[in-house]
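The sequence and coordinates come next, followed by the notes.

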Amino acid sequence: MFNSIQLFGLVLLGGLAAGEVSRRLFALPRTTGYVLFGLLVGQSGLNWVTLAHIESAQLFIDLALGLILFELGYLVPRSTPQERRNQLLAGCALSLVAGLLVLILFINWGFSSGSALFAAALCVATSPAITIATCSDVGAKGWRTGLLYTMVAINGAVAFTAVVLLIPFLIDIEPMSGFARVSSALGSIIGSVVLGGACAGLVLLGAERLERQAEHQHLLILGTIVLGVGTAVYLGVSVFLPMLIFGILVSTIDHERKVIAIRIASDARVFLVITFVLAGAALDIAYLSDYWLEAVLIAAARMAGQLLAILLSRKSIGLSIRESVFLSIGLQPMSSIALVLLVNTQMLYSGMDVKLVGMLMATILLMQLFGPLATQTAIKGFGEATRLTPSAETGEPANKG
């Protein structure tokens with residue numbers, strides 16, 4: 001019906017309109033509108049955007065996710081060594097407890113330990129795109145928002161590392177010894193760290209030469225992300241872990257703030273719109289109708305684990321009980337990166353249970369729809385939403401506190 005160029009324009013304009021309707025008429029995050037528009041034009045609705053279209057846009061999606069992860073790493077605030085240690089321990093505990101509860105669920109449902117571990121690893125990650133976009137929309141500013149970014153980054157690092165470690169043990173395309181599988185996993189992690197460090201070094205050196213010229217620095221960062229993603233694909237290592245490491249290293253090393261980071265929610269929102277609309281188009285709402293109960297249970301177990309871990313470590317990271325509850329709410333959005341990892345792993349592991357895939361797809365869709373609202377609720381609960389939001393009745397600015 002449409003050629004690829006027309007579809008690209010449709011996705012951008014339709015996503016923009018849906019996001020504004022979501023924000024102005026219903027006081028919901030724009031990302032909710034993007035995902036709903038994706039569902040409308042994807043396989044759940046009009047089927048204008050097919051899986052073939054999404055596959056052809058995979059490189060664009062990888063680049064967008066690379067940019068999102070770089071920004072997430074860059075947004076992790078600086079802290080003292082003691083604060084950094086406490087936050088790292090709390091973040092790891094949060095990931096492990098939430099992952100453990102989800103793992104118990106999947107094992108209880110009769111899935112193999114390998115498949116259950118993989119599913120639990122995917123469920124650990126919080127969506128960096130939803131977090132960044134929603135925080136930008138409500139003008140989130142404050143140390144609790146910074147802590148939210150930190151926890152999302154730690155969750156992502158744990159999830160991506162776990163998936164990298166597990167994939168060699170799930171691959172059934174060719175026989176491999178146990179030693180070869182372990183070597184492959186460790187090699188991928190080491191390669192990711194080295195690649196992330198190389199990207200950070202390139203940007204830091206380039207920023208020194210270019211000085212504070214935003215347009216040139218943005219080109220430098222985008223070019224480095226393109227090169228980094230392409231190199232990761234060429235080397236067969238994780239595309240996502242190096243970009244997260246890249247952002248964290250740039251933020252940590254750049255004490256004088258010579259780097260002018262590109263913002264996905266403003267400078268490069270086109271990537272954000274495309275990512276969410278295509279994620280919605282790739283998800284089939286039929287999964288949610290078939291596995292809604294399992295999706296709700298997975299989401300509940302995930303949140304229970306996150307909340308328990310935060311409450312246990314809240315004093316070390318300086319949170320009250322109320323703030324701990326809001327932080328756990330803010331961590332609910334599931335990452336569209338999980339969708340990419342799930343699809344990629346399916347191609348390598350033909351034995352993945354169809355029911356497992358359906359449950360994960362249903363959970364991702366559920367948390368793509370309600371996740372943005374959860375993050376918005378958390379930021380408002382922190383009292384760090386500084387931007388006025390449109391009134392649902394008049395479309396005029398109204399102070400939401």
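Which residues does Cys135 touch, not counting residues up to four places away in sequence? Cys135 touches Ala140, Thr145, Leu148, Tyr149, Thr375 and Ile379, where contact means heavy atoms within 4.5 Å.

The model is predicted: local features need pLDDT of at least 70, side-chain atom pairs count only at pLDDT 80 or more, and totals for chains, interfaces and linings use all residues. Residues are numbered from 1 along each chain as its sequence is written, and side-chain values use heavy atoms, with hydrogens and water left out.

Cys135 lies in helix α7; helices (H or I, at least four residues) and strands (E, at least two) are DSSP runs, numbered from the N terminus. Cys135 counts as buried, at 2% relative accessibility. Buried means under 20% relative accessible area, exposed over 50%, and partly exposed in between (1.4 Å probe, protein chains only). The C-alpha atoms of Cys135 and Gln376 are 7.1 Å apart in space, while the two residues are 241 residues apart in sequence.

**Nonpolar core**

A nonpolar core is a set of buried Ala, Val, Leu, Ile, Met, Phe, Trp, Tyr and Cys residues joined through side-chain atoms within 4.5 Å. The largest such core has 128 residues, of which Phe106, Phe240, Phe246, Val250 and Leu327 touch the most other members. Helix α16 (residues 354–382) supplies the largest share of this core, 14 residues. Leaving aside neighbours within four places in sequence, Phe246 has contacts that include Phe70, Cys199, Val203 and Ile225.

**Salt bridges**

A search of the whole structure finds nine salt bridges, each a side-chain nitrogen of Lys or Arg within 4 Å of a carboxyl oxygen of Asp or Glu.

| Pair | N to O distance |
|---|---|
| Glu20 and Arg30 | 2.7 Å |
| Asp137 and Arg269 | 3.2 Å |
| Arg144 and Glu323 | 2.5 Å |

Arg144 lies in helix α8 (residues 143–170) and Glu323 in helix α14 (residues 321–330), so this pair ties together parts that are 179 residues apart in sequence. Glu323 is buried, with a relative accessible area of 11%. Salt bridges that share partners join Glu20, Arg24, Arg30, Asp137 and Arg269 into one network.
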